[in-house]
Amino acid sequence: EYYHQNTNMYCNLDTKDITKIINNKYDLPQPITTIKAINGGLSCSNYSCTDVANHQYFLKMYNKSSINSDILHNQIKFLGIFEDQDYYTNYPIVSNQGEYVEGTDGYWIVVYTFLQGIAGSVGSMNVVKGSHIGVSMGKLHNIDISGTTITTSNYLSRQTLKDELQTIFNDPKWKNTAFVSQLEPHIEQFFTSLESLENLPKGPTHGDIFPDNCIFNEDELVAIIDWEEFGEDVLIHDIGMTILGCAFDENNQLNVAVMKSILEGYSTKRELSDLELVGIPLSIRLAALITCMWRFRQFNILHPNELLADHYMSIMEIFLSEDVISLTL
């Protein structure tokens, strides 16, 4: 994806500095000798780390200005619950101070086990991969997190989204953008429609199951990773985001076969009610609106970039698409 092109967007330390930090803060079996930048996440810079014995680790470095440590501790807490349920993902490694989240000047650090495989891509999606993703998501949604306290950090919060949209709509600076002129007429009715879904089943949601957050060995899913958007929410909103990320092709056209494979795989672990099936098109549009908002804010407000300023427009087309609005399952 275009927003992963700058792998060091959130970290400007060189690899020698990072190597020194990791070797000082973690009692790994062998010292790290090689650090390689890989695709960055939505709020962090990612690296593969290799020690002298060729063992690999996965490192995430977060700029402290981009994320609160409470959010990271919240992720770690619930990854522990997932591990108890044998849900397969990459899990964090404890530091020599007994912490899963370490800090250094300006950065939070989390070191994870490294999973062998290849991250997916939009162009590589097929019905086999879609089915595996659906199965894994169904397993996730079955995990019981009742009695625990979640700090919902994901961007699926409808009120947060609505408030941020309204702030942009009211700002004269953005008045003449397509973001405002094309979205604003639809927003009130859309959020009113979403209210009908609020009483549907809730549970743990990943919030960002896109192909590059899925590790594959050929067509077999090894694990879903990157839990920065984890929270508790209406489950079909997680399904909507997954369909947006995994079942639309490079031209933002819906691959119906892949979408159906996701839903069929999901249904082997958790049956969807008729009301949930009816609500999924709205959830896909919500996912598109969330992603559209993220792209606009990221590249026009937080990190202005002339080359990427209009990249929200392609995903906005999905939100406005009559084919998606009229989709029946």
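**View 1. The accessible surface of the protein chain comes to about 15,300 Å².** Carbon and sulfur atoms hold 46% of that surface, with areas taken by the Shrake-Rupley method and a 1.4 Å probe. Keep in mind that this is a predicted model, where local features need pLDDT of at least 70, side-chain atom pairs count only at pLDDT 80 or more, and totals for chains, interfaces and linings use all residues. Residues are numbered from 1 along each chain as its sequence is written, and side-chain values use heavy atoms, leaving out hydrogens and water.

**View 2. Here is the inside of the chain, with 53% of its 329 residues counted as buried.** Buried means under 20% relative accessible area, with a 1.4 Å probe and protein chains only. Look at the contacts (heavy atoms within 4.5 Å): among those between residues at least 6 apart in sequence, 73% join residues at least 24 apart.

View 3. Strands are DSSP runs of E with at least two residues, numbered from the N terminus, and two of them pair if DSSP finds at least two bridges between them.

**View 4. Zoom in on where β6 meets β8 (residues 214-217).** The two run antiparallel and are joined by 2 bridges. Which residue in β8 stands opposite isoleucine 118? That would be phenylalanine 216.

Conventions. Buried means under 20% relative accessible area, exposed over 50%, partly exposed in between (1.4 Å probe, protein chains only). Helices (H or I, at least four residues) and strands (E, at least two) are DSSP runs, numbered from the N terminus.
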